[in-house]
Amino acid sequence: MKAIVFADHKSGKITKAGLEAISYAKGMGAEPIVVSYGSLEGDGGAGSAGATEVVVATAIQQFDGQKLTRLVVKMAEEKGANVVISSHDHAGKMVAPRVAARLDVAMVSGATALPADGNVRKNVFSGKAMADINLKTDKQVITVMPNSVGISQSEGTANVSTTDFDGGNSAVTVKAFHPLSTDGSVPLPEAELVVSAGRGLKGPENWGMIEELAKELGATTACSRPVADTGWRPHHEHVGQTGVAIRPNLYIAIGISGAIQHLAGVNASKTIVVVNTDPEAPFFKSADYGIVGDAFEVVPKLIEAVKEFNANK
């Protein structure tokens, strides 16, 4: 069985989410053939996750959903792929549904586990339940939720080839691409550690301690919707039902009450730590660990504790 894995990249390296998609294909028992664009450093790390082959469309230099859809469809047909896999990130969500429509095959978006007994599992109802989806078509398209599966480790490297396929004309012309973050932090959908804060911080001038805690932990910063709406933090940091859905190993929520819309985007986190002055805050019902206290007293103590831990490692 062959799998075409569409993988996005950053600075010449396949993204963490892309490596997880490759590992997912490998876990299915498929031979992963990675399709990407622009330029990679070697195989971009694809071989370390189990890929045997990487095809790079060098004529497509910037992300373009329509052109990349045609590229993936072309490679799936040429390679005789049984399944097309991508990460359930902005790139995969733009390309995968179009690929499924063009190939006229069934699709599952946001898979959270490897297929079992012909079924693909995903979260439904904002993470309140799980559904096992049975795909009836011979060929399939699957997007994999970031941080749902690990990255398999392989000592090999993938064979790299290029194609001059340019994707044809596009209804939208991509003039430039500006990354949301230039500080090297891990994007929220891929982050394993996240420190988030809400209106309990009282103002944007107090965000320094949140950033310091995140830096000491090696975490990515996030915020609640009211914080983003008032302009305290950029909108790409907003996590929740109407923002970015995340599933990190650790989610620290500081000064966030835990409205249902926020919980819908973070309740898949493996461990949730809540800091809030209100002992009746709804978030405590979903927390693995809770601290009832003032963030301006608790967070500095957390920072010092993490610094001490890091110094003794």
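These legends describe close-up views of a predicted model.

**View 1. The aromatic pair of Tyr37 and Phe63.**
The structure holds three aromatic pairs, and one of them joins Tyr37 and Phe63. A pair of aromatic rings is described by the distance of the centres and the angle of the planes. For Tyr37 and Phe63 the centres are 6.3 Å apart and the planes stand at 70°, so the pair is edge-to-face; an angle over 60 degrees counts as such. Tyr37 belongs to strand E4 (residues 31–37), while Phe63 sits in the loop between strand E5 (53–57) and helix H2 (65–79), so the pair ties together parts that are 26 residues apart in sequence. Both Tyr37 and Phe63 are buried.

**View 2. The aromatic pair of Tyr251 and Phe283.**
Tyr251 and Phe283 form a tilted aromatic pair, with 6.4 Å from centre to centre and 40° between the planes. Tyr251 is in strand E14 (residues 250–254), and Phe283 is in the loop between strand E15 (271–276) and strand E16 (289–292). The two residues are 32 residues apart, and their pair links distant parts of the chain. Tyr251 is buried, with a relative accessible area of 0%. Phe283 is also buried, and its relative accessible area is 0%.

Strands of a sheet pair through backbone hydrogen bonds, either parallel or antiparallel. Here five strands form an open sheet with parallel pairing, in the order E13-E12-E14-E15-E16. Strand E13 (220–223) and E16 are the edge strands, each pairing on one side only. From one strand to the next, the twist averages 15°. E14 and E15 run parallel and are joined by five bridges. Tyr251 stands opposite Ile272 in E15. Helix H4 (residues 208–217) lies across strand E12 (193–197), E13 and E14, and runs at about 170° to E12.

Helix H7 (residues 295–311) has 17 residues, which at 1.5 Å a residue should span 24 Å; the end C-alpha atoms are 24 Å apart, which agrees. Which residues of H7 are buried? They are Ala295, Val298, Val299, Ile303 and Val306. Seen down the axis of H7, the buried residues fall within an arc of 135°, so they line one face of the helix. What covers them includes H4, E14, E15 and E16. On the other side of H7, Glu297, Lys301, Glu308 and Ala311 are exposed.

Methods: Residues are numbered from 1 along each chain as its sequence is written. This is a predicted model: local features need pLDDT of at least 70, side-chain atom pairs count only at pLDDT 80 or more; totals for chains, interfaces and linings use all residues. Side-chain values use heavy atoms; hydrogens and water are left out. Rings of Phe, Tyr and Trp (its six-membered ring) pair if their centres lie within 6.5 Å; planes under 30 degrees apart count as stacked, over 60 as edge-to-face and the rest as tilted. Helices (H or I, at least four residues) and strands (E, at least two) are DSSP runs, numbered from the N terminus. Buried means under 20% relative accessible area, exposed over 50%, partly exposed in between (1.4 Å probe, protein chains only). Two strands pair if DSSP finds at least two bridges between them. Axes are lines fitted to C-alpha atoms, for helices over the stretch in contact, and angles run from 0 to 180 degrees between N-to-C directions. Contact means heavy atoms within 4.5 Å. The expected span of a helix is 1.5 Å times one less than its number of residues. The arc is that of the directions from the helix axis to the C-beta atoms.
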